[in-house]
Amino acid sequence: LLQGFRVSHTISSQKRASVKALWRCWTTLLRKWSIVHIHGGLLWSNTLSLLAKRTPVVCHAHNYPTPNSSLKSQVLNRVNRSLVDVVIAVSEDVARAWRGIEVGRAVECVYNAIEVPHGPRPNRPPRSAQSPVFGMTTRLGMDKGLWEFIDVAQAIYARRRGARFIIAGE
């Protein structure tokens, strides 16, 4: 899909931005882009995006908007109201929440684009209280709680030998 296009990513998993991350984000945003695509919001990166805004901004909302429970979240929500042109939400419920805080001219729901295979289902043991199934779907990254899921799975499995655990992601 993006063959022949120059795609730049500025990634930071830090809650506080380093000077290097700030500079990289700023210089990237100053280039000529057709669209800027953000996820959720770190206050520092969204504020830089607002200051450098020259093109439409699409927010891909995986989560519900941040509640106005602190000064930082109030500022983030105000920045997002000025910054974001369109919100793409992963479910109707998430879309409804974003519509409620009036971010963007439009809020659309776009479900996962992965096609679920049709055909016979695999032979699985019946579900019961003795054989519960626990699942996690996520990007397989260190910051997504995978090790915590495994720790909890180990504790559950020690009590319920019939329990099954599924991790899916990319």
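In this predicted model, helices H2 and H3 meet through Leu43, Asn46, Thr47, Ser49 and Leu50 on the H2 side and Lys72, Val75, Leu76, Val79, Asn80, Ser82 and Leu83 on the H3 side. The two helices pack at an angle of about 30°, with their axes 10 Å apart, and because angles under 35 degrees count as roughly parallel, H2 and H3 are roughly parallel to each other. The sense in which H2 passes H3 is that of a left-handed crossing.

On its other contact with a helix considered here, H2 packs against H1, again described by an angle of about 30° and axes 10 Å apart. That angle makes H1 roughly parallel to H2, and the contact is made by Ala21, Leu22, Cys25, Trp26 and Leu29 of H1 together with Trp44, Ser45, Leu48, Ser49 and Leu51 of H2. Here H1 passes H2 in a right-handed crossing. The table sets out the two pairs.

| Helix pair | Angle | Axis distance | Crossing |
|---|---|---|---|
| H2 and H3 | about 30° | 10 Å | left-handed |
| H1 and H2 | about 30° | 10 Å | right-handed |

Ser49 of H2 takes part in the contact with H3 and is also listed in the contact with H1. Within H2, the buried residues are Trp44, Ser45, Asn46, Leu48 and Ser49, and the elements that cover them include H1, S1 and H3.

**The nonpolar core**

The largest nonpolar core has 22 residues, and those that touch the most other members are Leu29, Val36, Ile38, Cys59, Val84, Val87 and Trp98. At least two residues of this core come from each of helix H1 (19-29), strand S1 (36-39), helix H2 (43-51), strand S2 (57-61), strand S3 (86-89), helix H4 (92-100) and strand S4 (106-109). In soluble globular proteins, nonpolar side chains tend to be buried together. Which residues does tryptophan 98 contact, once its neighbours within four places in sequence are left aside? They are Cys59, Ala61, Asn63, Tyr64, Pro65, Val87, Val103 and Val107.

Valine 86 belongs to strand S3, and with a relative accessible area of 25% this residue is partly exposed. Not counting residues up to four places away in sequence, valine 86 touches Val57, Val58, Cys59, Gly104 and Ala106.

**Serine 73 in H3**

Serine 73 has its place in helix H3 (residues 71-83). Is serine 73 buried or exposed? Its relative accessibility is 5%, and because buried means under 20% relative accessible area, serine 73 counts as buried. The side chain of serine 73 reaches the backbone nitrogen of serine 69 at 3.2 Å, and beyond neighbours within four places in sequence, serine 73 is in contact with Thr66, Pro67 and Asn68.

**The loop between H4 and S4**

Isoleucine 101 lies in the loop between H4 and S4, where a relative accessible area of 25% leaves isoleucine 101 partly exposed. When residues up to four places away in sequence are not counted, isoleucine 101 touches Pro65, Asn77 and Arg81. From C-alpha to C-alpha, isoleucine 101 and proline 67 are 9.5 Å apart in space, while their separation in sequence is 34 residues.

Glutamate 102 is found in the loop between H4 and S4 as well, and with a relative accessible area of 63% glutamate 102 is exposed. Most residues other than glycine have a negative phi. In glutamate 102, by contrast, phi is near 55°, a positive value in a residue other than glycine.

**The protein as a whole**

The elements described above belong to a protein with five helices and six strands, which run from the N terminus on in the order α-β-α-β-α-β-α-β-β-α-β. Of the 170 residues in the protein, buried residues make up 26%. Among contacts with a separation of 6 or more, 49% are accounted for by residues 24 or more positions apart.

Methods. Residues numbered from 1 in each chain as written. Predicted model: local features only at pLDDT ≥ 70, side-chain atom pairs only at ≥ 80, totals over all residues. Heavy atoms only, no water. Core = buried A, V, L, I, M, F, W, Y, C linked by side-chain atoms within 4.5 Å. Buried < 20%, exposed > 50% of the residue type's maximum accessible area, 1.4 Å probe, protein only. Helix = DSSP H or I, 4+ residues; strand = E, 2+ residues; numbered from the N terminus. Contact = heavy atoms within 4.5 Å. Polar contact = N/O pair within 3.5 Å; in protein donor to acceptor, adjacent residues only side chain to side chain. Axes fitted to C-alpha atoms, helices over the stretch in contact; angles between N-to-C directions. Parallel < 35°, antiparallel > 145°, perpendicular 65-115°, else oblique. Left-handed = near helix turned anticlockwise from the far one by under 90°.
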